[in-house]
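These are my notebook entries on a structure that I am reading for the first time. I put down what I looked up, entry by entry.

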Amino acid sequence: SLKKGIKCIDLTLPESFMKRIHGPKYGVAGIREKLGVYDRPLSCAALKPLGKSPQELANICRQFALGGIDIIKDDHNLGNQIFCPFQDRLKLCKEAIDKGQEKTGRKILYFANITGSLEDMYKQIDFAARMNIDGLLFQPMIVGLDFLYSLVKNKNYSFFLMAHPALSGAFFNSPCEGIAPEVLLGTLFRLAGAEAVVFPNFTGRFSFDEDTCRKIAQNLSTSELTIQPSFPTPAGGINMRTLPEIKKKYQSDTIYLIGADLYKSKGSLQERVKEFLDLLL
């Protein structure tokens with residue numbers, strides 16, 4: 001990795017290796033079965049902005065839930081801050097989502113962000129299990145790929161896992177060195193067990209182009225890897241205006257993550273989520 005002119009652009013994995021790797025525990029099929037949604041892409045919203053209290057985030061969850069969102073995830077910068085303690089956030093957000101589900105009759109998945117020291121992360125995971133939280137969000141390049149995979153192998157946990165690309169950008173800045181995004185975010189994150197992998201969409205504020213996004217999505221779903229497929233989850237600047245065109249570039253088994261656009265636009269969050277869902281039909 002320190003030598004110039006060397007870049008990992010692809011992996012060919014032998015059958016003997018693949019026999020030892022489980023990959024995602026549930027994959028695309030598991031998430032669709034839990035939601036009961038089979039005929040369209042999935043919608044996802046992030047809890048923002050940093051600085052909100054647990055009660056304020058719970059109120060946002062309630063509006064998202066009443067609008068019928070499929071997945072709500074913590075923003076990746078939400079940890080165990082003094083102004084938003086982890087346990088308080090999970091408890092109040094879970095209660096708000098459950099009440100919203102009761103009113104709409106629609107299942108919603110909540111992904112809690114796990115971060116901190118190793119000891120703290122295990123405490124967070126155990127609390128999330130006691131609260132019957134559906135999924136966990138990780139930054140594999142910060143906590144480690146094998147930490148993610150250890151939860152896949154742990155029979156005491158039944159979480160869906162979502163991977164966020166934080167810190168991975170250090171591998172992508174050179175055309176001649178590093179690891180290609182489709183290898184790291186596509187192949188390796190899938191091997192590590194993520195049911196869904198967040199990556200910067202080509203229309204957003206980051207540097208990925210359309211071909212790179214296509215390759216990431218392809219590696220997350222290809223049958224050449226004899227493991228469960230993962231959901232490509234394009235994000236980073238997706239908005240209602242561009243979503244119809246973006247949809248043409250991905251398969252139906254995609255999760256579309258919209259963050260800031262839901263908050264900035266006119267109308268209530270509940271109304272905006274309904275508009276979001278209409279665009280996915």
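I take helices (H or I, at least four residues) and strands (E, at least two) as DSSP runs, numbered from the N terminus. The model is predicted, so I note that local features need pLDDT of at least 70 and side-chain atom pairs count only at pLDDT 80 or more, while totals for chains, interfaces and linings use all residues. Residues are numbered from 1 along each chain as its sequence is written, and side-chain values use heavy atoms, with hydrogens and water left out.

**Entry on R40.** I looked up R40 and found this residue in the loop between α2 (27-35) and β2 (42-47). Is R40 buried or exposed? With buried meaning under 20% relative accessible area, exposed over 50% and partly exposed in between (1.4 Å probe, protein chains only), R40 is buried, at 7%. For polar contacts I use a pair of N or O atoms within 3.5 Å, where within protein one must be able to donate a hydrogen and the other to accept it, and residues adjacent in sequence count only if both atoms are side-chain atoms. The side chain of R40 has such a contact, at 2.8 Å, with the side chain of D70. Taking contact as heavy atoms within 4.5 Å, and leaving aside neighbours within four places in sequence, I list R32, D70, R106, S252, L277, L280 and L281 as the residues that R40 touches.

**Entry on cysteines.** How many disulfides does a search of the whole structure find? Counting a pair of cysteine sulfur atoms within 2.5 Å as a disulfide, the search gives zero. For C8, the closest cysteine sulfur is that of C176, and the 15 Å between the two sulfurs is too far for a bond. C44 is likewise in no disulfide, as the nearest cysteine sulfur, in C61, is 11 Å away. C8 is partly exposed, at 27% relative accessibility, whereas C44 is buried, at 0%.

**Entry on pockets and the cavity.** Rolling a probe the size of a water molecule over the atoms shows where empty space is left. On a 1 Å grid over the protein atoms alone, a cavity is a set of points where a 1.4 Å probe fits but cannot get out, and a pocket is an open set with protein on both sides within 12 Å along at least five of seven lines; lining residues have an atom within 4 Å of a point. Grid points are joined across faces, edges and corners, and a volume is the space filled by probe spheres set on the points.

The largest pocket holds about 730 Å³ of space, and among its 35 lining residues P200, R205, F206, A235 and G236 lie nearest its centre. The elements that give two or more residues to this lining are α8 (181-191), β8 (196-200), β10 (255-258) and α11 (260-264).

The second largest pocket has about 300 Å³ and 13 lining residues, with D10, L11, T222, E224 and L225 nearest its centre. Here α1 (15-18) and α9 (210-221) are the elements that give two or more residues to the lining.

I found one cavity of 30 Å³ or more, and its lining is formed by K25, L151, V152, Y157, F159 and L161.

**Entry on D211.** I placed D211 in helix α9, where this residue is partly exposed at 35% relative accessibility. The C-alpha atoms of D211 and L151 are 32 Å from each other, with the two residues 60 apart along the chain.
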